Amino acid sequence: MSGHVKNMCPQLSISQAARTLLSLLLVAAIDSVSAGVVCRKQPCGSSLQRSLKLTKLIHKESVDLLKTYKVSQGDMSELFCQMSINNVPDPNISGLDPSERMLSIYSHCKAFLPHLKRVTEQQTDLQPPSSALLSKLSTAQNRTNGLANQINCIYQTFFPNLPIPPEPVDGPTSVPPSQNVFQQKVYGCVVLKRFKEFLSRVTRELRTLKSQVCTRRTSFADTNALF
Amino acid sequence: MISMLCLMLFVPRVFSSSTQVAVIFPQDPALWMGSSLTATCTVSPERGLHANTMYWTLNGKRLPSSTYGLLSPNGLSVTLHRLNGSQQQSGDNLVCHSGDGHVLAGSCLYVGMPPEKPVNLTCWSRNTKDLSCKWTPGGRGETFIKTKYTLKYKLRWYGQERECEEYSTGQRYTCYIPRDLALFTPYEIWVEASNQLGTSTSDVITLDILDVVTTDPPDNVHVSRVGELEDQLTVRWGSPPALKDFLFQAKYQIRYRLEDSTEWKLVDDVGNQTSCRLAGLRAGTVYFVQVRCNPVGIYGSRKAGIWSDWSHPTAASTPHSEPLQSGSCDPKSGEQNSTLRRELKQFFGWVRKHACGCSGMSIKLYDQWRVWLQKSHKTRNHVDSTRR
């Protein structure tokens, strides 16, 4: 990595010089900021361990959340969860190397959030105000947002040379348009079932990432920085 | 447009939020308890399903085929009589299935009754600044159709009808009007209840804000001993600060109990003083004491207000010995007794010094005389535990 910027180099365009300067600043910075999230460098093992603990917690709560959801929709709601619906994020984590898989976890967290929000809005109209379901949905949203931020920071710490994860676009196609009540019940069940399955996969993935990325004293990020 | 719709319908086993395999009518209806319903399920012909293989469930329970009607090769109806109230607020699930059990479409039934007239509407103002109201659903309460309550109010002689906007999520059937309330003029207040089946209105209540004023409990409640008197305690408190500028005739109540008892004893004749002596207490005993205030006579109103909450309990203990008299409030004598005792002590000291043959005079002699006085009383007034 170059330690200084060459001045008055006629071969370099202004935009290229600016990009080089920006890269230097980013590498030199101790704190990095992405999408409003301030990240500090963290020890490899402990940061992933914290995320793993948080994921386990959210997963455990998602099991209870789905149960509570089914009870509050009435009998026969088990069948609702088995139906197919478009545009609900699938629970699978994609990618070949650790950086891609971490990015996939982050993207999926962000992708689930608007759906959790929509389910919360719908159930607010369908349930009594004191329903435990509503508070559990709210908790799930908050914790998932927290997990996304953690994964974002870990990604930036371990892969500082890779592009900062872009914010997913919450366009009109990400959540379904207005639905009748029956459709809402089905939609909510599908979202929460896939959310639960996703968290189960994230738990396994973070364990794997911890062993891959945080090996002895050499972090994957350091190795990546050599190239 | 039509070709797009057909294209979407060809996708197998897909229940999409934007397309449906089948259509149920009516969709999510609100129905009276005891009424009948005929619903229809129509599958698109491209699905290749025949209606005579389809079936219905209601809340997971398969409905008997005797209730079905074959409308067309791809249309099946079901008729339900004497509907019971919905099992959950999200509605009963009426579902149309294919022969192999797959869900083709569903409709959520909201079976209940129109709301009954809300009752027991009461309102109160805290320190004349705001107005809170509460009510109770009428009849047997809400059925499983979401009922919306709207508290409305207007000045009786002029002004427009307004709606309360702050409904408490913690306490149901309450609403809060935080500001801009007129004094010395009556309001008319009522509650409207509405659901998908109808609307009902409570009786209108008329009130002047100044007639329904409550305030904060008295603060700085202190309970202390009355010198060495073993059956008495002095209670002192501050008048509620929010009303001190115009609270001329407040009245107070005190209640107290033994530490290990749940039975409160009430002292009702406190008037508008801010101190009181409790007497007839048990010696060597811990008491919990609370005070509350009624803002009577606020801004010259002659009506009693609404009692505040009780203050936080304050504890104190009586010195050891037996009680002397029954409970009453005499703020002056308590203070006099401690002053008297001090003076007696000084007097006895002077007597010992200056008077011959009085070397045995001391405050202990006075105490012994008091003990003798208690024992010589033939009747005791017991504090009535049900006094109000």
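I take two strands to pair if DSSP finds at least two bridges between them. Helices (H or I, at least four residues) and strands (E, at least two) are DSSP runs, numbered from the N terminus.

**Entry 1. Conventions.** I note that this is a predicted model, in which local features need pLDDT of at least 70 and side-chain atom pairs count only at pLDDT 80 or more, while totals for chains, interfaces and linings use all residues. Residues are numbered from 1 along each chain as its sequence is written, chains are lettered from A and ligands numbered from 1 in the order in which they are written, and side-chain values use heavy atoms, with hydrogens and water left out.

**Entry 2. Strand β25 of chain B.** Strand β22(B), residues 251–258, is joined to β25(B) by eight bridges in an antiparallel arrangement. In this pairing Y252(B) faces C293(B). Strand β26(B), residues 314–317, also runs antiparallel to β25(B), with four bridges, and here Y287(B) stands opposite A316(B). I then checked burial (buried is under 20% relative accessible area, exposed over 50%, partly exposed in between, with a 1.4 Å probe and protein chains only).

**Entry 3. Open sheet in chain B.** I traced an open sheet of four strands, ordered β1-β3-β7-β6 in chain B, with antiparallel pairing. Its edge strands are β1 (22–25) and β6 (68–72), each of which pairs on one side only. From one strand to the next, the twist averages 20 degrees (axes are lines fitted to C-alpha atoms, for helices over the stretch in contact, and angles run from 0 to 180 degrees between N-to-C directions). Four bridges connect β1(B) with β3(B), residues 37–43, in the antiparallel sense. Within that pair, F25(B) is opposite T40(B).

In chain A, C81(A) is joined to C189(A), S to S 1.7 Å. C81(A) lies in the loop between α3 (77–80) and α4 (98–126) and C189(A) in helix α6 of chain A, so the pair ties together parts 108 residues apart in sequence. C81(A) is buried at 4% relative accessibility, and C189(A) is buried at 0%.

In chain B, the sulfur atoms of C41(B) and C96(B) are 2.0 Å apart in a disulfide. The torsion about this S-S bond is about -80 degrees, so the disulfide is left-handed. The pair links strand β3 to strand β8 (residues 92–97) of chain B, 55 residues apart. Both cysteines, C41(B) and C96(B), are buried.

A further disulfide joins C164(B) to C175(B), S to S 1.8 Å; with -100 degrees about the S-S bond, this link is left-handed. C164(B) and C175(B) are both buried.

**Entry 4. Helices of chain A.** I compared end-to-end spans with expectation, taken as 1.5 Å times one less than the number of residues. Helix α5(A), residues 132–158, should span 39 Å, and its end C-alpha atoms are 39 Å apart, which agrees. Helix α6(A), residues 181–213, should span 48 Å; its end C-alpha atoms are 46 Å apart, which agrees.

I also looked at the helix starts. S131(A) caps the N-terminal end of α5(A), with a side-chain oxygen 3.1 Å from the backbone nitrogen of L133(A). At the start of α6(A), a side-chain oxygen of N180(A) reaches to within 3.1 Å of the backbone nitrogen of F182(A).

Methods: A polar contact is a pair of N or O atoms within 3.5 Å; within protein, one must be able to donate a hydrogen and the other to accept it, and residues adjacent in sequence count only if both atoms are side-chain atoms. A disulfide is a pair of cysteine sulfur atoms within 2.5 Å.
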